[in-house]
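Student: I am new to this structure. Could we walk through it together, one question at a time?

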Amino acid sequence: MQSARHSTPMNPATTLPTILAIAWLLPLAAFALVWVGYSLPQMAGGRASYGAQRTAGWLATGAIGTSCVLAIVALIIWLTQTAPHEVATVHETAAAHQAASEHMASPPTSYSGIYYTLAQFGKLRISIGYYIDALTIAMFALVTLISTCVHIYSMGYMHEELEDMVDREIATPDGNYYHRPGRYHRFYQYLSLFSFSMLGLLLAGNLAMVFMFWELVGICSYFLIGFYFERPSASYAANKAFIVNRVGDFGMLIGLMALWSCLGTLDFGDSNTPGMFSQLRSEAHQYELDAAAMGSESADTNYLLLFVAGVGLFCGCVGKSAQFPLHTWLPDAMEGPTPVSALVHSATMVAAGVYLVGRCYPIFVPEALLVIAIVGAITLTLAATIAITAYDIKRVLAYSTISQLGYMMLALGLGGWAAGLFHLITHAFFKSLLFLCSGSVIHAVHTNDMRQMGGLRHKMPWTAYTMLIGCLAIIGAGIPALGIGLSGYFSKDAIIEQAWSFARVNESSGYQLLMWLPLGGAFITACYMFRLWFMTFTGMPANTERYDHAHESPRSMVGVLVLLAVFAVGVGWHVPGSKLSVTSLLERARPAGTLETTTGTWLPNLTVPDEHLSHEPQIAIPAGWSAFAMAMGGLLLAAIIYVWRWLRAEEIQQSFSPIHRLFVNAWWFDQLYDWMFVRPALWKSKFFAGIDRYVIDPFVNLLARGTAFLARALDLVVDRKAVDGSINGLARLTWDFGNSLHRLQTGNLRQYVVFIVVGLLGLFAAVSLCWKYALAG
Amino acid sequence: MSSAATNVIELDVRTDEMLVNMGPQHPSTHGVLRLVLRTDGEVVSEVMPHIGYLHRCAEKIGENLTPRQYIPYTDRMDYLAGMNMNVGWALTVEKLMGLEVPEKGRHLRVIISELGRIASHLVGMGAYGLDLGSFSPFLYAFREREKILDLFEEVCGARLTYSYLTVGGATADFPPGWIDKCLAFLDQFVPVIDEYHTLLTTNSIFIRRTAGIGVMPGEMAIDYGCSGPVLRGSGVNWDLRRDGEPIYTSMYEGYDWEVVCQTNGQYPSVYTAPNVPTEAVLGDCWHRFYVRMLEVVQAISLVRQGIEKYRTAEGDFGQPVKLTQKLPVGETYLETECPRGQMGFGIVSDGSAIPWRARARSSSFANLSVVPDLCQGCLIADVPAIVGSLDLVMGEIDR
Amino acid sequence: MNWSSLLFLLCSGFAGVFAIAVVLSNNIVRMAFYLVLSLAATAGLFFLAGADFVGAMQLMIYVGGTLVLLVFGVMLTAQSQFVSMRTSSGELLTALMLGGALLFVLVFTAMNVPMWQPTNQPSVSEDTPVLTATPIGMALEGYRVDQLEQPNPSLRRGMSGYLFPFVIVSVHLLVVLVGAAYLARARRHHTESA
Amino acid sequence: MAKLLNQCLDWIASWVGGSLPDDSLLGYVLAALIYVALLLGLVATSALIFIWLERKVSGRIQDRLGPTRVGGKFGWLQTLADGMKLLTKEDLVPGDADKMLFRLAPYISFCASLAAFIALPFAGRDFPFVAQHLNIAVFFVLAVMGLEVFGVILAGYASASKWSLFGAMREAAQVVSYEVPMGLCVVVPVMLAGSMDLVFLGDKQQGWFTNWYLFHDPFTFLVFWVYFTCGVASVNRAPFDLAEAESELVAGFHTEYSGLRWSFFFMAEYGSMLAVSILAAILFLGGWNGPIPIAGLLGLTWENGPVLGYLGNFLGMINVIAKGFLLVTVMIWVRWTLPRLRIDQVMTTCLKYCTPLAAVMFVGAALWHTTLPDRVFLGLLQAPEVNRRLTERLPDHSLDVQAIEQGTIAQGDAL
Amino acid sequence: MPILASLLTEPIGVAHYMVVGAVLFVCGVVCMATKRNALGILMGIELVLNGANVNLVALGSPYLRGESATLMLDGQLMAMFVIVLAAAEAAVALAIALNFYNNFGSIDVDRANQLKG
C-alpha cells in the first residue's frame, strides 16, 4: 500500500526503494566484476596473484559494506520519516493492550511496487518488485551488517586460500596431501552472490520473486558448502543440502499454486491490483482472515486451499530452515568454511524460512499455524537433544541453530509473530558470533573435535569471552527481577511467555506440551552451550600439542567478534532515552489482524492467543522465572559435569547408553532416510541394471544347480532352521523372558527407591485424572 | 560352622585395629617413653614400648673417666633419686677396691639415701595421681619433695644432680644444724602422709582406677626380673637391703626395719597406713602404689634411726679417694636397692685408674618389660595407670 | 514482611539448603553434620508453627538422640574407604531427574490447593502463646481437653485420645530396644566338635 | 519486649511525624539483638570469671596463690590477658583435617551452650527476666544442651587425630547416656510443680528456703545430688572429663586446636557449666527466691507496684546468678580434688547407679507428693498461701479437672 | 513462583510449609536413591520422615490456618509419634547396618545383593 500521508521533500515511498535497490545490486556488481576479472581468466588457465586475490576480497567487502551503510541510511529514513505504528506504543497494562488491539484496525505502513515486469501471463504477472515495510528494513540492516562482518572476518580466516593451498583433509594416492591453487576470490564471489540473493529475497515484492531468490540462495549455499569440493564429504554435503531443499521446495510450489489459483496474484502489497494480504484480510472484514474472499465455490474448500497453501509454503520453510523432518542437511552443511556457516547456515539463509513464514503470516489459518508450532516444537527438542552429545564444535552449533529455528517456528505457530521474528534477529547476532568464535578456535587448533580442546581461554581470551557472551545470550541469561539481560533473554522470554499464554488458553494436555517442550529445551540449550564452552575453554588442555600451538586470531577477526558481541548483548535493549527498540520496530510491521485471539475452524478448541496477552504479569512473571530457572539449571548441570566434575559424562553415557546412542546418531534420521529413500532408489536402479546383465545367466545357472541346491536348502532351511529353530526359539524365548524379569530384581536398594518414586509419580498421574488440584486440573 | 571345638566370639562391631602412638610426646609417659598401642576401640590389644630416646652412652663414658669422675653421670641415670645412684656406684667401686667406709659415713649414707627414697617416691606418688587425673596431690608431693631438696642443697649445693656420696664416703659432712632441720622436716612430714592417703590411697575413685588393674603375680614379676616396689607389690618378700651382698647389707646393720611386702595377707604392722581395700588384688597397681607409700614411712623410720646412730658415731665421715686412684685388676658387680628397684653397677678393671668396662643394670628397664604383658586387653585409660604404677624413669632405662 | 516470615525464611532456607547439602555431599560425616543442621532448622520451623513441644522433642530425640546414634554408627564404620563412596553418575542423574519431577509434582500440588494457601487472618495471633504441653500430655493419657467443644459426639468419641497408640508405641519402643540390642550385641557361637 | 520496643520507637518516631506498627520487624530484631547481647555478655563474662576462679581456686587448693599480678590485685584480669594471648596465637589446622568441620566445630559447641540460655529465666513473677518465655523451657534447655556434643564429635572427627577421635567417641557415649538420668531427675521438680515452665517452677518456690524443692522431701534432696552428678558428667567436668583426659588422650577432642577456636571450646564448657548450675538453682534451689526472701522482706514485690517489683526481680536475678556461681565453684572444687574415672566406670555410674536411683527417687517423690500435697520442707510445713494460689496459674485453657473426674470428658474409649 | 514473589507481603501459610516439606522429602528420596553407604540411606529416610513431619505440624498449626479446619493437636501428636518411631527405626536400622558391616566388612549396600533373583 502506497502511503501518501507524508509529503516531505524526501518521500520514503520513492527514496527507500531506490536506496535498497542500490544496496541490493551492489553485491551483484561485485560478483560480476570478480567473475569477469578473475574466474573467466582462471577458466582459461590464468592464475590470479596474491595481491589481486586480495583486491577481490576488498572489492566484495567494499560492495557489501556500502550496502550496509545504505541499509542503515534506509533504516534511519524509515525511523524518521514514517510515523510509528500505533501498536508500537509500549504496552504496559491490559487496558492498553485492549486499546492497542482496537487501533489495529489499520495495516502497517508499507511501500510496494515494481521495478521491472518480466512477463505477464493473463492474470499472472511475474515481476521484479519490492515490498518494503519495517520488517524488510530491519532484516536488510541485519543481513548487510552480519554479511559485512563475515566478509571482514573471512579476510583473516581464508588467508590460506590466497596462495597455493594444501588441503590436509585429502590424501592423494601417493601419500601426500592434496595441492591446489587458492580460491580466495571465488569465495568472495560466492559470498557476493549470496548477499545479492539474500537481499533480493528480503526485498521481493511477490512470492514468485521470493521463490526465485529462494532458489538462488539455495544455489549459493550449494556452492559454499561445496567450497572444498575435492573433499568427498563436502561434495556429498552440498548435494544433500541441495536435494533435501528441493523436497521442501516441491511443497512450496504446491503452496504457491494453491495461492495463485485462488487469489490470482502472488504480490504481497497492492501495487496495481489488490495483493494477497489485502484480499485475504480486507478492511471490510476487520482484517480478519476471510476465506470467502478467495472466490472459490464454498468456504470450506477455500479454507482447505488456504490450509494447503500455508502448509505448502511452510514446507519450503521446513527445507530451508532445516526443520524436522528435513533438518538433516544442516549439520552436514558445516563442511563449508566457518564464515559461511556463520552467515549462510545460521544467521541469514536458514532464517529465511522463518522470515517467509513471518512475511506471509496473514495467510496462515490457525490449523496451519498449529502444524508450524508442532513442527517447531519437535525440531527444537530433537535438535537440542542431539546437540548434547555431539563433539564436533560446529555440529553442536549447527544443531543449536536448528533448535533455535524451531523456537522461532514454534513462536510463530503459537501466535507470537513478534516473538519469533525478534528471536530471529537476536539469534542472527549471537549465533553468527558463536560461529565466528568457533571458527577462531578451529583456526587456532585445527580441529573441530572438542575433546581435543580444553583450557583455551588462557590462550585466546578474546575469543573465549566473546563466545561466553554468545553462550549467555543464547541461553537467555538475564536477571528476571530487574528485567536486564542479554539479547537472548528478551527474545527467548518472549517465546516462552507466548507458549505459556498459549498453554493457558488451550487447556487440553496435548497443547500443554507445547509449553513444556520449549521450557525443557531452554534447559538443554543451556546445558549443551555451556558444555561446549567449558569443554573448549576451561579445564586442562586435552591435547597439549594442539594447545601449545593455539594462538589468538588476527585483529580483523577479533574485532568482528567484539562488534558482534556488543550486538549480542545489546540488540534486545531499548535505545537509551527512547522507546525505540527492535521489538518496537517489528511491531510497526505487524500484519493487520494478527493481533487478535483467533480460534480454529476445524479445531474449535484451538485458540491462538493475542500476542500481547503474553505480557500480562500473571503470565510473564512465572514464564520468565521458569525460563530463567531452566537456563540456570542447564548451566549448573553443565558446570557439574564439566567444571566441578561431580558427575562423569562417560558414566552417564554408559547408564543411558540407548538414549545416548539415539542422540549420537541424531535419532537415526540419516539412516532412516537412507533406508527409506536412498537405498530403495539404489536398489531400483541396480535392479533395472541387473535385469540386463543378469537375467539370462543366473537363470540358466539356477536351473543347472537347481536340484542339488534345493536338497541342501531344504535340509538347511526346513529341518535345521524351521523345525529345530522354532523349538529352540521357544525355549530361548522363555529363558529370555525369565531373565528379563529377574533383571528387575537387582537387589540394588537404590534402584528400588527409584522404582518407588516412579510408582509414586505414576500414581500421581493417575490421581491427576480425577483430582481437580492435580496436574490436569 | 566349623567343626573345631572352639568358642568363637564375634565382637559387637567389627572395628579396625588402630595403632596409636602414646609418646614420646605425651603427657603421661613421664619423659620420652614411646608406647605403640594397638587398640580395638578403647581396648588395648597390644603395647609395644620403644626406648632409646634418652640414650646418652653413659656406659661408654664410664670407660673414659675415673670412678670418681663418673659419679655425676650416675646422677643423671635415675635423676629422681640421684643420691641412691651415687651410693650404688660408690659401693661397687669400693667393693672392687676393698675399701671400707667409716662408721659415721655409713650412717650418713643411710640417711641420705633414705631421704632420696622419700623424694623419689613422692614424685612417683604425685605423678601417679596426675596419671589418674588428680592434679592436686602432685603439688602436695612436690611441696614436700622440695623440702628434701632444700636439705640436699644444703649438704652438697645441688638440687638434682648431687654427686654427693662418692667413692670412699661423701664429699663433705653434714653442715652444722642440718640434723635438726632434717628432724624437723620429718616431724612435719609424717602427718602429711595421711593427706596423701586421703586424697589417693583411700579415695574410692582412685581405688576403682587401680585396684585389680595390671595384676602381676609374684612368679611373673620374678620371671621378668622386676625389682623394688614393683616386685614387692606382687608379694615377693625381697629387698636387697636385707637380702643383698654383705657390703651393702652391712650398711643397714643395726637398723630396725621390715621389708614392706604383703606376707600372709598382711603388710608389716609397724608402718601405719590405711587398710587394704577389698577390691585390691595382690600385684595390682594399687598394691604397687601402696608399697611405695609404706616405704616412705619405712624410710622416715630409717632416717630417724640413722640420725640417732650418726650422732653417736665416732670418727670421720669418710673422705673421698683420690680422683686418679688406680683400680686393682679385676671385675666386680654390685646391686643396691634403689627406690625403683635393684640398680646394679659393674666394673671391669685392667689396673689403670679408668675402668676398662663400666656397666649399669637398670631396674626400670626390667620393670618396663612387663608393660606389654600387663597391658594386654586393658583399656586405654589403664595404660597410664599401669605404666604410672611401675614408676619408670627413662634416664635410667636409656642411660 | 514480619518477624515470623523472616524467621520462617531463615529456618526453611537452612533446612532446605542443608538437606540439599546432605544429598550432594559425598563424605558421610559431613552428611551427618548437614543432616543435623537441617533437622535443627526443621525444629525451628516447628517452634514457628506453634508446636513447641514437638520442636523441643525433635531437638531432643531426633537431633540429640537419633543423630548422635547415627554419628556414632558413622564413626564406627567410617573407615577411609567408606567415608566417601561414589555412585555412578548415571544413577545420580536418574535420581536427580526423578527427584526433580517429584519435587515439581509436590510443589505444584502444595501451591494449587486453595485450602492451603495463606490467609490474611491467621486464626491465632502469633504473639499469643499456644500452650501445648498439657493438652498433649492429656491427649496421650486419653483426655482431649482441646476437643471439649467438638459438637459431633461420634467424632469426639473417635478423636478422644491417644492412650492406645501411646501404649502401643511404648511397647514397641521396648521391643525395639531389646531387638536392637540383640542385633548389635556380641554373639557367641558355641560349637561343639562333631 | 519487642512490642514494648516498638511502642518506644513509635513514640520516638512520632516526634518526627512517623509511626511504627506494634508488630514491626524492627522491634523484634532489636529485641533479639538486645537479648543476644545480654546473654552473650553474661556467658562471656562468667566464662572470664570462671576461668579466673578456676585458677584461683585450684591455686588455693594446691597451696599456691594462683594469678596475682595482672590487673593489680588477685590477678583478676588474668583471663583477659590469656584471652589476648589466645587471640594472637596462630590458628593451626592439621593438614589431614576436614577443614570445614574443623573450623566450624567450636562454634557449634558454643552456640549450643549459649542457646540454652534463651529459655533460662533469671527472675519471675509478673515480668520474668527471660529471653524467650517457653512453657516447655525445661525440655528445651535439656534438648539444646544435648546438642553441644555435636561440636565435640565433629571436632574429634575433623581433627584427623586418633586421640581426638577417642575423645569424641567417649564424649558421645557419655553425654547421650547421662541425658537419661538427668532427664529423670529434672522430671521430679517438674512433676511437683506440674509444669515445665521454668518461670512458673521458680515462682512456685517463693518465700523462705523451706519452700525450695531441695527440701521438699527426702527424695528431692537426693535427686538434687544425682542431678548435680549427672550435670557434671554432661558438661564433661572432672571426674567425668573423659573426653579431654590429658593423661590418656593428650587433650582429647581439642588436641589439635589452638588459639581462638580452642578458647571457644572453653567458653562452651563454662557456658554449659553455668547453664546446668542455673537450671539446678531454679529447679531445686528456689531460683530467684533466696534462702531469706530479702526482696519480700524489703517490700520489693509486685504487689507494691511495678517499680518495686522490678527492683525485686533484680535482686532475684542476682540471687540466681549467685547460686549458679556457687554450684560452678563446687564443680571447680570437685575437679581439683578427685581423680578421673575410667570410661567404663563412667558408664557404670550412669547406668547402674544414677539411672535407677533417679527412677526410684522419681517414684518416691510422686508418692510423697500424693500423700502429702501442699506440704513443704520434708512435709513439716504447710505450703504458703502464695504457692498454693499459684496452682491456679496452670496452663489450663479449658482443662477442667472436675469435668474429667465426673466423666463428662470421654476418656480414650477408642480403647 | 507467585508464592515466592508474594512471600514478602503475604503471611506464611500451610503451602509454604508444604514446599519446605516437599524439599526435605525429595532430598531424602534422592539421598536414598543415590547413596551407597547404608548410613547415608538411613539419613535419607530421616529426611523423608522429617518432610512428612513438617506437613503434619503445619496442618496442625493454629498460626497458619483457620481453626475450624485444622488438624490442631492431632497433627502435633502424629508428628510426635513419627519422631518416636523414627528413633526406634533408626535404632533398628543402625543395628542392622552394624550387623551388615560385621558380616561383609563393608557398609556399601551394593554388596547386599546376595538375595537377588
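This is a predicted model: local features need pLDDT of at least 70, side-chain atom pairs count only at pLDDT 80 or more; totals for chains, interfaces and linings use all residues.

Student: What pattern does chain C follow along the sequence?

Tutor: Start with the elements themselves: chain C has 8 helices and 1 strand. Read in sequence order, the pattern is α-α-α-α-α-α-α-α-β.

Student: What share of the residues in chain C is buried?

Tutor: Here a residue counts as buried if 20 or more other C-beta atoms lie within 10 Å of its own. Chain C has 194 residues, and the buried share is 51%.

Student: Which helix of chain C gives the most to the side that touches chain E?

Tutor: On that side, 77 residues of chain C are in contact with 73 residues of chain E. Helices 1, 2, 3, 5, 6 and 8 of chain C each supply at least two residues to it. With 14 residues, the one that gives the most is helix 3.

Student: How far apart are the end C-alpha atoms of residues 90-111 of chain C?

Tutor: An unreviewed UniProt entry lists residues 90-111 among the spans it calls "transmembrane region", and another of them is 31-53. Residues 31-53 are 87% helix, with end C-alpha atoms 27 Å apart. Residues 90-111 are 100% helix, and their end C-alpha atoms lie apart by 31 Å.

Terms used:
Residues are numbered from 1 along each chain as its sequence is written. Chains are lettered from A and ligands numbered from 1 in the order in which they are written. Helices (H or I, at least four residues) and strands (E, at least two) are DSSP runs, numbered from the N terminus. A residue is buried if 20 or more other C-beta atoms lie within 10 Å of its own, exposed if 12 or fewer, and partly exposed in between; C-beta atoms are placed from the backbone. Two residues are in contact if their C-beta atoms, placed from the backbone, lie within 7 Å. UniProt positions are given in the numbering used here, feature names are shortened, and annotations may be inferred rather than shown by experiment.
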